[in-house]
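Here is a short report for a first look at this structure. Keep the sequence and the 3D view open while reading.

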Amino acid sequence: MTKRKRFVTIALTIIVLLVAVIAAIYINHRIHLLQEAKYLEPLGTIVQVDGNRMSVYTEGEGETTLVFMSGGGTSSPILDFKSLYSRLSDQYRIAVVEKFGYGFSDVVDRKRDIDAILEDTRAALELAGLQAPYVLCPHSMSGLEALYWAQKYPDEVTAIIGLDMSVPPYYDGMEINLPLMRVASLAAEIGVTRLIPGISESDAITHGTLTDAEKEIYRAVFYSRTSTVTMINECEAVKENAKIVQDLGVPQVPMLLFISDGSGGTGFDKETWRRIPKEYIAQADNARYIELDCPHYVHDYEYESISDYIIRFLSNQ
């Protein structure tokens, strides 16, 4: 056998083995998805928004409605926020909106500009029987949506409680690696994520108050809602969304911001992560902040103290 033929034979063997491995990973993933289907009964109400299904969870009967809004890439918002809102639902009405591509909502491949995201959320709440005004409780990237909501519909927002929420200046110099995100999305679709130990163990699972049954649901949702095309489309639009919100100025609505130490995936050092939102809300007439020595998903770590602060804050509004 010539060197050329030997090389071709080896290359073809490697390709065949690689295809076989990928096929095995994919088949294993599909089998697990079928097994996990029993955990994927929606936890809240399913409403039709623009022809697709959107999930809205509610509990509590208070006169004030707190709307919890998840950060980018949070697979199961309903369970992610549970450790916090379960401590508040005896006094307030709780609503968790799962955007398209998240939780029990449909995955859709469409533009995720700030207007589309906000109008989807407003429509979902109305269809679920909830009426404004609301207290918005955004985490991370959904801070942009909450600020825009207060800018565009000020009568619908009585206050913003930021759970380490993003503000527009964060995105000025942020590098967003869309090609890497698309690779991650493909890997999740094939099932490669199942080979990574502990990847489904979110902060809500490891640090929150979820029951064992709820943890199983969260893991099942994770494997069906990781790096969805909708999430990637949000990231593709986020810089432009941030610019729109920045150009409209700081909304003059009561704000309470909980600010983490910047660890847990923000990409910023502690000093910068804390400085940016403090400078931003300095332009507001009625805003304050509380620094927490914990990672980015503050509501999964400091849910006890955060709930106490929220109750005191809202009682003074």
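## Helix 6 and helix 9

Start with a helix pair. In helix 6, Leu-178, Met-181, Arg-182 and Ser-185 meet Ile-232, Cys-235 and Glu-236 of helix 9. Contact means heavy atoms within 4.5 Å. The residues of this contact divide into 4 nonpolar, 1 polar and 2 charged. Ala, Val, Leu, Ile, Met, Phe, Trp, Tyr, Cys and Pro count as nonpolar, Asp, Glu, Lys and Arg as charged, and the others, Gly among them, as polar.

Axes are lines fitted to C-alpha atoms, for helices over the stretch in contact, and angles run from 0 to 180 degrees between N-to-C directions. Angles under 35 degrees count as roughly parallel, over 145 as roughly antiparallel, 65 to 115 as roughly perpendicular and the rest as oblique.

## About the model

The model is predicted: local features need pLDDT of at least 70, side-chain atom pairs count only at pLDDT 80 or more, and totals for chains, interfaces and linings use all residues. Residues are numbered from 1 along each chain as its sequence is written, and side-chain values use heavy atoms, with hydrogens and water left out. Helices (H or I, at least four residues) and strands (E, at least two) are DSSP runs, numbered from the N terminus.

An open sheet of 8 strands runs in the order 1-2-4-3-5-6-7-8, with mixed pairing. Two strands pair if DSSP finds at least two bridges between them. Strand 1 (45-49) and strand 8 (287-291) are the edge strands, each pairing on one side only. On average, neighbouring strands are turned by 20 degrees against each other, direction ignored.

Strand 5 (residues 134-138) pairs with strand 6 (residues 157-163) in the parallel sense, over 3 bridges. Leu-136 has Ile-160 in strand 6 as its bridge partner. Helix 10 (residues 270-281) packs on the sheet and touches strand 7 (255-259) and strand 8. The direction of helix 10 makes about 175 degrees with that of strand 7.

## Helix 4 and helix 5

Helix 4 (residues 114-127) lies across strands 1, 2, 3, 4 and 5. Helix 4 runs at about 125 degrees to strand 1. Helix 4 also packs with helix 5 at an angle of about 80 degrees, their axes 10 Å apart. The two helices are therefore roughly perpendicular.

Among the residues in this contact are Ile-114 and Leu-118 of helix 4, and Leu-144 and Trp-149 of helix 5. By class, the contact has 7 nonpolar, 1 polar and 5 charged residues. Helix 5 (residues 142-152) is mostly covered, with 10 of its 11 residues buried. Buried means under 20% relative accessible area, exposed over 50%, partly exposed in between (1.4 Å probe, protein chains only).

Arg-112 sits in the loop between strand 4 and helix 4. Arg-112 counts as buried, at 3% relative accessibility. Its side chain makes a polar contact of 3.0 Å with the side chain of Asp-120. A polar contact is a pair of N or O atoms within 3.5 Å; within protein, one must be able to donate a hydrogen and the other to accept it, and residues adjacent in sequence count only if both atoms are side-chain atoms.

Glu-36 lies in helix 1 (residues 3-36). Glu-36 is buried too, at 11% relative accessibility. A polar contact of 2.9 Å joins the side chains of Glu-36 and Arg-194.
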